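This report describes a protein chain and the ligand that accompanies it. The sequence and the model are shown first.

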Amino acid sequence: MHFQSDAATEAFRDGVRRHLADVLTPDVEQRIYRSGVAHDDDFAKGLVDRGYFAPSWPAELGGQNRNAWEEQALNEELMRTDAPVYLSETTRMVAAIIRDVGTPAMKDRILGGAMTGDITIALGFTEPECGSDVAAAATRAVRDGDEWVVNGSKMFTTNGHIADYIFLLARTSPDKPKHKGLTMFLVPTDSAGFEAQAVWTLSGERTNITFYSDVRIGDEWRVGDVDAGWQVLALSLQDEHASGWGPHIARLLQHAEAWATAAPATGDAPRIANPDVRRRIARVALELEVAMLLQRRCVWMTENGRAPIAEGPMSKVFSTEALVRASQDIVELVGPDAVRSVFEPTAPEHGRFEHLMRFSLGTTIYAGTSEVQRTIIAQRGLGLPR
Ligand SMILES: Cc1cc2nc3c(=O)[nH]c(=O)nc-3n(C[C@H](O)[C@H](O)[C@H](O)COP(=O)(O)OP(=O)(O)OC[C@H]3O[C@@H](n4cnc5c(N)ncnc54)[C@H](O)[C@@H]3O)c2cc1C
């Protein structure tokens, strides 16, 4: 396994860093922070123009044939700068599935637009009554000639209010066992009967509850075979479960270091002279190191043709729980000032400490909760019984 990236990867990373430093201006950051929407059209177009949208895709499909380490470097930089990429990520994830199982007509309609940033896709899996047990989805799609009629609701359809399509999990055969009666669809969000209502999370992020009331879509919007939705969904869940969140710890560490080394107005020694400050910052650095090693191990396994079935969840659980621990520790270190928000001009590090603490909690929930990830590790990694 690599412990250091090679020169070509680091050169690619430098290019990404320069681009992000150019485009993620304080104004853009403020706009995203205030709106709670992790998407910005201009920023997303900029990624496309620079070849950063799907760099590992083949050139003939609009990619750059980049290897997994370059893609990892890009993802690390995007996360470390808290770039507004969630809608680009979900679009790319669904585009990869369409590439695998979509009909030629669907590929024609979707892939080109997705690769140029003109088509965006949000995920509609979770429902008000089921999230972890996503196979219990109750949203119905009933066949009517060449069309399907969709009725139901989806919870946490992040970016559902701005996306062009929802990648929707729907029940098509209620009489079959729950995993076997599901089908995936792309629902155009301009369909009659579709509605998105805002839901605000603890971190200030805007997500949505989306409603489907007699939404009619043609059979051409089906993704994969009828009742084969679980297999199609598994392709995207595996991607999500293998995620690592270490670069957010790097972001926290940068802010903590800046706070600790700033010269106090009083003329006292910088805070870093205090052993407790050094101890806590070193602890964050340690958490970051372990999180990054776990994440890079998943990349290494994938590169070597091995699926990180338990290692992906290990990376996800460790990095997100470490982010929770580390951000709480730094808030405690900084003291009451740390909970002042970005809306206060003199808040330390522009209010990032309190925001990271709130943000960290959600990371242990989406893309599979820590409890669900631990079950995967126990059953599929250690071979323990259900
Ligand atoms: C900010 C945010 C954005 C999101 N974006 C999207 C999105 O774009 N699209 C989308 O479809 N979904 C999205 N989600 C939904 C997310 O994937 C779910 O919240 C998550 O899967 C958990 O489901 P739930 O909220 O229904 O909780 P539940 O599944 O009801 O879980 C509640 C608690 O019970 C525990 N639990 C549940 N089952 C088990 C079990 N078998 N064993 C042990 N413990 C268990 C859980 O770990 C959790 O602690 C988002 C969520 C958040 C918070």
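The sections below treat the basis of the model, the overall fold, the ligand site and selected residues.

## Basis of the model

This is a predicted model, in which local features need pLDDT of at least 70 and side-chain atom pairs count only at pLDDT 80 or more, while totals for chains, interfaces and linings use all residues. Residues are numbered from 1 along each chain as its sequence is written, and side-chain values use heavy atoms, with hydrogens and water left out.

## Overall fold

The protein chain contains 12 helices and 8 strands, where helices (H or I, at least four residues) and strands (E, at least two) are DSSP runs numbered from the N terminus. The radius of gyration is 22 Å, close to the 21 Å of the globule rule for 386 residues, so the protein chain is as compact as a globular protein of that length. The radius is taken over C-alpha atoms, and the globule rule is 2.2 Å times the number of residues to the power 0.38.

Along the principal axes, the C-alpha atoms of the protein chain fill a box of roughly 80 × 45 × 45 Å. Of the 386 residues, 52% are buried; buried means under 20% relative accessible area, exposed over 50%, and partly exposed in between (1.4 Å probe, protein chains only).

## Ligand site

The ligand is surrounded by 15 residues, and the closest are Thr-126, Ser-132, Phe-156, Thr-369 and Glu-371. A residue is near a molecule if one of its heavy atoms lies within 4 Å of it. The shell consists of 7 nonpolar, 6 polar and 2 charged residues. In this division, Ala, Val, Leu, Ile, Met, Phe, Trp, Tyr, Cys and Pro count as nonpolar, Asp, Glu, Lys and Arg as charged, and the others, Gly among them, as polar. Domain 2 (121-227) and domain 3 (242-381) each supply at least three residues to the shell; the domain bounds come from an automatic or database domain assignment.

Polar contacts are pairs of N or O atoms within 3.5 Å; within protein, one must be able to donate a hydrogen and the other to accept it, and residues adjacent in sequence count only if both atoms are side-chain atoms. A polar side-chain atom of Glu-371 is 2.6 Å from an oxygen atom of the ligand. For Thr-369, an N or O atom of the side chain lies 2.7 Å from a ligand oxygen, and a polar backbone atom of Phe-125 lies 2.9 Å from an oxygen atom of the ligand. The protein covers 65% of the 980 Å² of accessible area that the ligand has on its own, with areas from the Shrake-Rupley method and a 1.4 Å probe; for residues, only the protein chains shown count as cover.

## Loop residues

Asn-159 belongs to the loop between β3 (147-154) and β4 (165-171). Although not a glycine, Asn-159 has a positive phi of about 70°, and its relative accessible area of 1% makes it buried. Thr-157 is located in the loop between β3 and β4 and is buried at 0% relative accessible area. A polar side-chain atom of Thr-157 lies 3.5 Å from the backbone oxygen of Lys-154.

Glu-349 is placed in the loop between α10 (311-334) and α11 (352-363). Its phi is positive, near 50°, in a residue other than glycine, and Glu-349 is partly exposed with a relative accessible area of 21%.

## Residue separations

Val-334 lies in helix α10 and is buried at 13% relative accessibility. Val-334 and Ala-256 are 78 residues apart in sequence, with a C-alpha to C-alpha distance of 8.7 Å.

Asp-6 sits in the segment before α1 (7-23) and is partly exposed at 41% relative accessibility. Between Asp-6 and Thr-81, 75 residues apart along the chain, the C-alpha separation is 22 Å.
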